[in-house]
Amino acid sequence: MSVDDRGELVIVATPIGNLGDVSQRAREVLATSQLIACEDSRHSGRLVKHLGIDGAHYVVVNEHTEADATRRIVEAIAAGQRVALITDAGTPAISDPGAVVVRGVIDAGLAVTSVPGPAAFVTALVLSGLPTTRFVFEGFIPRSGTDRAERLASIARDERTTIIYEAPHRIVRTLTDLSATCGGDRRVAVARELTKMHEEVRRGTLAEVASHFAATEPLGEFVVVIDGAPPSAPVDEATITGAIDDALAAGMSVRDAADTVSSMLGVSRRIAYDVALARRGPSGTSK
Ligand code: SAM
């Protein structure tokens with residue numbers, strides 16, 4: 001088999017707004033692929049046409065078709081074809097379909113490679129001015145209920161910078177909820193319409209930015225970048241000992257007391273266990 005006969009899946013990033021961001025390699029791969037896997041063939045057809053590529057064949061990959069499309073893509077690659085995977089914008093499989101296809105091709109023992117490029121969350125993060133050393137990408141957060149409340153609470157506690165995607169009609173509510181859980185003075189950057197004519201990054205506190213968008217109609221696509229929580233103060237020994245004593249006095253075993261105190265105070269399980277063992281004493285009676 002020559003190199004040309006080896007099929008492969010190529011994950012190709014496409015622009016998040018500005019067509020000038022299509023890379024040379026993205027163009028070449030799309031022009032030389034026998035099949036283009038995309039979310040919407042009409043949308044992607046416009047990009048492909050803009051690149052001067054004629055006669056492309058498409059397979060639609062979305063949440064309803066992903067399993068069947070994966071089978072078709074795996075067959076095509078096994079038969080020696082090159083399949084390009086794109087989505088409507090940015091990097092496939094990032095808050096977009098694609099992960100199932102990639103998994104299927106890997107499981108079939110076939111080749112996967114990528115043409116990296118735009119992703120809205122990285123662009124917003126680097127524009128935010130907030131710390132970039134450690135960050136967490138949450139995608140779209142749950143819209144309601146306990147899931148939403150828990151996710152907001154976990155974002156509020158996280159010491160890393162958090163990045164979320166949000167729809168324009170939900171941005172005010174999400175900023176208001178973040179302000180309530182993280183505190184109105186937490187820093188935030190809200191990036192809108194990245195790489196497009198009306199690109200804007202609004203930086204400030206959650207309270208300030210929430211009230212700005214409450215007063216100015218939020219238009220376009222949004223990424224919210226939230227500063228991490230201030231580092232929590234280290235827990236001192238007396239606090240750990242006191243909590244362990246309370247747990248043991250309540251009748252817990254050494255193991256359960258260690259587990260409870262470890263998750264309650266955020267200290268290591270090993271430390272909590274050693275303290276619990278020492279407080280319980282060799283005879284099994286609490287000190
Ligand atoms: N795969 C894409 C990526 O790599 O970023 C994300 C797709 S997700 C369905 C779409 C969301 O990404 C939008 O709702 C918005 O939150 C964010 N987004 C995409 N393009 C954007 C842009 N130009 N400016 C700001 N946010 C954008």
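When I say polar contact, I mean a pair of N or O atoms within 3.5 Å; inside the protein, one of them must be able to donate a hydrogen and the other to accept it, and sequence neighbours count only if both atoms are side-chain atoms.

Quick housekeeping. This is a predicted model, where local features need pLDDT of at least 70 and side-chain atom pairs need 80 or more, while totals for chains, interfaces and linings use all residues. Numbering runs from 1 along each chain as its sequence is written, and side-chain values use heavy atoms, with hydrogens and water left out.

Y165 puts a polar side-chain atom 2.6 Å from a ligand oxygen. Then there's E221, with a side-chain N or O 3.3 Å from a ligand nitrogen. The protein covers 90% of the 570 Å² of accessible area the ligand has on its own (Shrake-Rupley, 1.4 Å probe).

A pocket is an open set of points on a 1 Å grid over the protein atoms alone, where a 1.4 Å probe fits, with protein on both sides within 12 Å along at least five of seven lines; lining residues have an atom within 4 Å of a point.

Of its 27 lining residues, S95, D96, F140, Y165 and E221 are closest to the centre.

Finally, the second largest pocket holds about 230 Å³ of space. It has 14 lining residues, with P15, L19, H43, L47 and D88 nearest its centre.

Definitions and conventions
Grid points are joined across faces, edges and corners, and a volume is the space filled by probe spheres set on the points.
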